[in-house]
Structures are given as C-alpha cells and as structure tokens.
Amino acid sequence: MNNSTPSLRRLSYAIVALMMFSALLLAWAALQKQESTLAIRSVNQGTTMPDGFSIWHHLDANGIQFKSITPQNDVLLITFDSSVQSAAAKKVLDRSLHGYIIAQQDDNNQAVLWLTRLRDTSRLLG
C-alpha cells in the first residue's frame, strides 16, 4: 500500500501538468491574430483595377498598416494583420474608390466567389 501512494502522486502531478499545458495551449491559440484580406474588383468589365500605389497612398494617409498588395487575375488583394485593420481599410477605400466592389475575404477565397457572382448579376440589373 505504501508503494501505491507515490504512484498516485506522480499520476496526479502528471494530470495537473497536462491540464496546465492544455490551458496554455488554448490561451495561445486564442491570442493568435488571423490575417484578413480585402478583395477589390471593378464593377464594370472594361474598368481596370486601381494600382497598388494609389491604394497604398489612401491607406497610409489614414494610418492603416497592411502586409501586402497583390494583383490576382482581375482582383486586387490587400492582406492585413487583423480584421480590425481590414475593416478600417474597407471604410477608407469605400469612400475613396468608386466603381469598385470591396469585400473582406475569408481564408477559403469566398470573397472572390461572391465578387464574381455580384459582377455577373450587375449586368442583369442595368
């Protein structure tokens, strides 16, 4: 019976350590920032997308930091560190860019799909 007491103590210490490690891992995952992306596409088919320098100028003038500006097919993608920055940039760009659809993009490129659908149906409305 004397030998079982130290074994139970070791087991309980191991369980407590595992629980603490799990709690730390969960807290770390919750604190991780996820990137956010804005997708900009022209409303009309003949209009070119804005250049990265003009986008940079609008964002910089409003103190909004971004990670990258990348053209992809007929969409301009702007990557941010957080969704807060992305939302602020969307407000600024909505005011300054006319004739463009500006949408926040999910990780699985859903915004590009929605922009394509919006663009296709806009011809039917007018």
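Biologist: What relative accessibility does Asp-74 have, and what does it count as?
Modeller: Asp-74 has 33% relative accessibility and counts as partly exposed. Keep in mind that this is a predicted model, where local features need pLDDT of at least 70, side-chain atom pairs count only at pLDDT 80 or more, and totals for chains, interfaces and linings use all residues. Residues are numbered from 1 along each chain as its sequence is written, and side-chain values use heavy atoms, leaving out hydrogens and water.

Biologist: Which side chain does Asp-74 meet in a salt bridge?
Modeller: In general, side chains of opposite charge can pair when their charged atoms come close. The rule here asks for a side-chain nitrogen of Lys or Arg within 4 Å of a carboxyl oxygen of Asp or Glu. Asp-74 pairs with Arg-41, at 3.3 Å from N to O. Arg-41 sits in strand S1 and Asp-74 in the loop between strand S2 (68-72) and S3, so their bridge ties together parts that are 33 residues apart in sequence. For these labels, helices (H or I, at least four residues) and strands (E, at least two) are DSSP runs numbered from the N terminus. Arg-41 itself is buried, at 5% relative accessible area.

Biologist: How many salt bridges are there by this rule?
Modeller: The count is three. Another one joins Asp-81 and Lys-67, whose closest N and O atoms are 3.8 Å apart. This pair links distant parts of the chain, with Asp-81 in the loop between S3 and H3 and Lys-67 in the loop between H2 and S2, 14 residues apart. There is also Lys-90 with Asp-94, at 3.0 Å from N to O. These two are four residues apart in helix H3, so about one helical turn separates them.

Biologist: And the nonpolar side? Which residues have the most contacts inside the largest nonpolar core?
Modeller: As a general idea, nonpolar side chains in soluble globular proteins tend to be buried together. A core here is a set of buried Ala, Val, Leu, Ile, Met, Phe, Trp, Tyr and Cys residues joined through side-chain atoms within 4.5 Å. The largest has 14 residues, with Ile-40, Ile-55, Leu-59, Ile-78 and Leu-93 making the most contacts inside it. Strand S1 (36-42), helix H2 (52-61), strand S3 (75-80), helix H3 (83-96) and strand S4 (100-105) each give two or more residues to this core.

Biologist: What does Ile-55 touch?
Modeller: Contact means heavy atoms within 4.5 Å. Leaving aside residues up to four places away in sequence, Ile-55 touches Ile-40, Pro-50, Ile-69, Leu-76, Ile-78, Leu-93 and Leu-97.

Technical notes: Buried < 20%, exposed > 50% of the residue type's maximum accessible area, 1.4 Å probe, protein only.
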